[in-house]
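These are my notebook entries on a single structure. I set down what I looked up, topic by topic.

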Amino acid sequence: MPANNRAILWQFGLLMLVVPLQYYLTQRNPMSPTERSYSVQRLVSSLSVMKDNMLSIKTWQKWYFECVDYITTTVKNLSSQGSATSSNQAKYTDTDDEDDDEGESPAIEVMKLKDPQGYFAGSPEPRTPRPSNVKYRVGQVIRHKKYGYRGVIIGWDPVAKAPKEWLDRMHPKDKEHWSSIPNYSVLVDTRDRTSPQTTYVVEENIEIVSNTKVIHPEIDNYFEHFDGTRYLARPFLKKLYPHDQ
């Protein structure tokens, strides 16, 4: 509706309201014409202010944008708080008694520390010649001896390569030799642990299983296909572990 028409309707409505109010005030409180005129003017002025405050499009637009801004800011703050909390929790997603006892690294911690120092079998240096003390190979499907989850080996270190604080936390005092024997990076089957994880498992806790495929969202990043007994590595992984295939 054009602005001029809205103004005319408002003025007409105001006039229709003032007439009965004027009659009501006159009957309820008899007053002189001067007093009556003053009262009507005050009433009209009050209604005009109410119109400007409550019925103005600009007022409602201002209120709308303030509400949108408040909601947006609140959602962002809650999202930031949730992300920070989730991040702190995710860092220790799998560091319960299982990991403290079995020398395993949760996925977030692996990804965070993998590249800079080559931690958790993340070194880009080819593993050649192959050390004689490394029992298992990239692509083999394994089962955790104690906790039973399945996984596939995507890398190994002839001795544990991880931050000292991690080794101190994950390798108990009576298992200090775990740091000096092979440790393996393993993609964990999501049927056994629903959140996709990469763990770092000491050789003593591994046993090989056959005729078993592993389900993990990153498995195609490392392997071309499963041949029925093991996974066949992609070219980049073959270069890192040339004697494993």
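The entries below cover the basis of the model, the nonpolar core, the backbone, the salt bridges and the aromatic pairs.

**Basis.** I worked from a predicted model, in which local features need pLDDT of at least 70 and side-chain atom pairs count only at pLDDT 80 or more, whereas totals for chains, interfaces and linings use all residues. I numbered residues from 1 along each chain as its sequence is written, and side-chain values use heavy atoms, with hydrogens and water left out.

**Nonpolar core.** Buried means under 20% relative accessible area, exposed over 50%, and partly exposed in between, with a 1.4 Å probe and protein chains only. This core has 36 residues, and Y184, F223, Y231 and L237 touch the most other members. I then listed the contacts of Y184 (heavy atoms within 4.5 Å). Leaving aside residues up to four places away in sequence, Y184 touches V134, K135, Y136, I153, G155, W156, T199, Y200, V201, E203 and I206. In soluble globular proteins, nonpolar side chains tend to be buried together.

**Backbone.** I took helices (H or I, at least four residues) and strands (E, at least two) as DSSP runs, numbered from the N terminus. Which residues does a cis peptide bond join? The bond lies between T128 and P129, with omega about -5 degrees. I place P129 in the loop between α5 (107-117) and β1 (141-144).

I also noted positive phi values in residues other than glycine: F120 has phi near 55 degrees, and A121 has phi near 65 degrees. F120 is in the loop between α5 and β1, and A121 also has its place in the loop between α5 and β1. Are these residues buried or exposed? F120 counts as buried because its relative accessibility is 0%; A121 counts as buried because its value is 8%.

**Salt bridges.** I counted six salt bridges, each defined as a side-chain nitrogen of Lys or Arg within 4 Å of a carboxyl oxygen of Asp or Glu. One of them joins D157 and R127 at 3.5 Å, N to O. D157 lies in strand β2 (residues 150-157) and R127 in the loop between α5 and β1, so the pair ties together parts that are 30 residues apart in sequence. Both D157 and R127 are buried.

A further bridge pairs the side chains of R130 and D244 at 2.4 Å, N to O. The pair links distant parts of the chain, with R130 in the loop between α5 and β1 and D244 in the segment after α8 (235-240), 114 residues apart. R130 counts as buried at 19% relative accessibility, and D244 counts as buried at 2%.

I also looked up R143 and E207, whose side chains meet in a salt bridge at 4.0 Å, N to O. R143 is in strand β1 and E207 in strand β5 (residues 206-208), so far as sequence goes 64 residues apart. R143 counts as partly exposed at 30% relative accessibility, and E207 likewise at 32%.

**Aromatic pairs.** I counted ten aromatic pairs. Rings of Phe, Tyr and Trp (its six-membered ring) pair if their centres lie within 6.5 Å; planes under 30 degrees apart count as stacked, over 60 as edge-to-face and the rest as tilted. The rings of F226 and Y231 have centres 4.7 Å apart and planes at 45 degrees, so this pair is tilted. Both F226 and Y231 are buried. Ring pairs link Y222, F223, F226, Y231 and F236 into a cluster.

Notes: Core = buried A, V, L, I, M, F, W, Y, C linked by side-chain atoms within 4.5 Å.
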